[in-house]
There are 2 protein chains.
Amino acid sequence: MAIDFTLLRTDSDTHARLGRITTPHGEIPTPAFAPVGTQATVKALDPRDLHELGAELILGNTYHLYLRPGADVVAELGGLHSFMGWDGPILTDSGGFQVFSLAENRRVTDEGVEFRSHIDGSRHLFTPEMVIRTQEQLGADIVMVLDECAEPNDRAYNEQAMARTHAWAERCLRAQTRSDQALFGIVQGGIFADLRRQSAEFLSGLDFPGYAIGGLSVGESKEEMLATLDITTPLLPPEKPRYLMGVGAPEDLLEGAARGVDLFDCVLPTRLARNGALFTRNGRINIRNARYERDAAPIEPGCQCATCRSFSRAYLRHLFKARELLAPRLATIHNVHFLLELMRDIRAAIADGSFQTFKGEFLSAYPVIPHDVRVANREKRKSRVSNRESSS
Amino acid sequence: MAIDFTLLRTDSDTHARLGRITTPHGEIPTPAFAPVGTQATVKALDPRDLHELGAELILGNTYHLYLRPGADVVAELGGLHSFMGWDGPILTDSGGFQVFSLAENRRVTDEGVEFRSHIDGSRHLFTPEMVIRTQEQLGADIVMVLDECAEPNDRAYNEQAMARTHAWAERCLRAQTRSDQALFGIVQGGIFADLRRQSAEFLSGLDFPGYAIGGLSVGESKEEMLATLDITTPLLPPEKPRYLMGVGAPEDLLEGAARGVDLFDCVLPTRLARNGALFTRNGRINIRNARYERDAAPIEPGCQCATCRSFSRAYLRHLFKARELLAPRLATIHNVHFLLELMRDIRAAIADGSFQTFKGEFLSAYPVIPHDVRVANREKRKSRVSNRESSS
């Protein structure tokens, strides 16, 4: 068994779960948030930063690493852990979502998905067998099946994509040769309750060591996302970890945890940081704002991150205005710390039975703002759908 | 006395000196190389990186900080040390060189130099009094007089610029109000031995706590630079530190130290690093080269920098090819380490009497390549001269 999941406690007020995933590269206390290291680096951070931040799991993107530097190069350098110098747990996605959101000229068949690289236009084919082989070369602790991520509100497309996702899931299982990697299935079905049920039940029957909930935070409303979680997570085997892909806004982490999600990942904290948008418990601030020009306070008073312990808002604003390389680094440290600290608080609250209170207090202080990632993904989705139409 | 200079040993084979400068923010063992933190950050590094690299002195640029965020902002945040979180020694230049190399529409009079900002075109005037006041707001340990940096081979211009530099030096001394900052004079005179002699003698009479050698590495040949050093350093008071501005190629550090220079600064290691050009004892390599695609070795085997201890050439190449923010950071750490390690080796060699041997061995292994900074400065110089001609 590549991973072991221990369910330590289930919250009595919500469906929140406190747990622990044991992997070949260490333990992941859950619920956990994984910073995204798309190209074998969490942008602007090095592995020591990640250890100091207390990151328990990071994500790598198979699509990007397959294209550059190439999974064979990573394998020759000893695998992703060795290549990037990170000895903690890693999860790689299958590359499917990126093919649908980034690549050009996609053509999906039952065999797999053919596409052109967004880097150099070269032609490639991802099949279930091939993405398993690629992820085996990369060597992450948790790997994902190839799935087809459909427009969440398009029923006909979801029926078709779900059937394909299920067939691909079986092929991925058969293709797997490494016993030290845990392969997760991905539940699809858009916003349609009966399809989600069908998908959860079918995949549960395949006995994956963990389950992802895919196709969310990609264009549907927040209410639709939470309603889909409400019906999906109870259908998944409670003894397996559940991973909500691509979700990382603070309010979504709380809502997801409350619905029994154990793992999250998202580019939100790192992407926002590079734009100068910084998390505080009272909402996001943009550090480029003129009001911070002479502000000697840290980003968030009391924050224990390396940035807040050493630098003022005025200095950070200056670095952003002067376009200094140190700006994204210090901002990223703060934002990643903020989410990892939130996960630590969530776990502590589940452990002592105060999760619902903690969630209410956090959300009452934190003004929810439009979901940047969801909006960004909606844009990608639009281009994907138009591409799908033109290539099918 | 803001600083104290102790001359520990003078080499018997060369003019190299081993010494120690004591400042309000700590000791600088000499000869020393100062990484450049133009905009209150050594590009891509934070203060902890600098401490771990063993940086003994860093430089800040008055011209840049005056324009952005403003010396008053830095002062309000507690001065440059506090603003950027660096508690070690800092040197600020007067901004004069940047006015001549970066700013637009310069007009030099005996009063000072008027220019337009390269950032927003706003109009400013640097006078000797004003650059002292600005540097007092920034609060560095070592500060510089305003000087006029002339085309090194233009005799008439050098005579005029030198006379103005001398008058400005006297005004800077009179303008100084802080007793905790050491104000250095700057010897000018281009490549003309008699002018250098005049300048060194005049400024020595003003009893500055230290002396810079200006106007070099700005377009003259390497031979002219070394010949000018040969005649200038013996004319400076031996009990005061000598600072060769803007010089930092490995071979120039050795040649400068051999001629009795105690301090150097240069953007070379940090700028090269951002372009993927990395120092090794056998010359520079460009890490973007395809030959490093699968190279598991560190940049330089045996190097003890944080980058070489953790990452392969293959990984660094990947980061550069993928334009990741971690690339300039890891490369900068290596290049700054390389020069600081070279200075540690130079000091150890002077201490045990083996400097000339060390210098010969280093230079025989290190292929000298065209002086990037000199070439870059020559380009700037050309535009400056044309500007001078059009505005005078």
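**A walk through a two-chain model**

A:Ala44 is buried, with 24 other C-beta atoms within 10 Å (buried means 20 or more other C-beta atoms within 10 Å of a residue's own, exposed 12 or fewer, partly exposed in between, with C-beta atoms placed from the backbone). This alanine sits in the loop between strand 4 and helix 1 (47–53) of chain A, and has a positive phi of about 80° although it is not a glycine. Most residues other than glycine have a negative phi, and most peptide bonds are trans. Over in chain B, B:Ala44 also has a positive phi of about 80°.

A word on ground rules. This is a predicted model, where local features need pLDDT of at least 70, side-chain atom pairs count only at pLDDT 80 or more, and totals for chains, interfaces and linings use all residues. Residues are numbered from 1 along each chain as its sequence is written, while chains are lettered from A and ligands numbered from 1 in the order in which they are written.

Now zoom out. Chain A has 16 helices and 16 strands (DSSP runs numbered from the N terminus: helices are H or I with at least four residues, strands E with at least two). Buried residues account for 56% of its 392 residues. The C-alpha atoms of chain A fill a box of roughly 60 × 50 × 40 Å along the principal axes.

How do the chains meet? In chain A, 31 residues are in contact with 31 residues of chain B (contact means C-beta atoms, placed from the backbone, within 7 Å). Helix 13 of chain A gives the most to that side, with 5 residues.

Leaving aside neighbours within four places in sequence, B:Leu316 is in contact with residues including B:Ile287, B:Phe311 and B:Leu330.

Last, some backbone detail: the peptide bond from A:Thr30 to A:Pro31 is cis, with omega near 0°.

Conventions
Contact = placed C-beta atoms within 7 Å.
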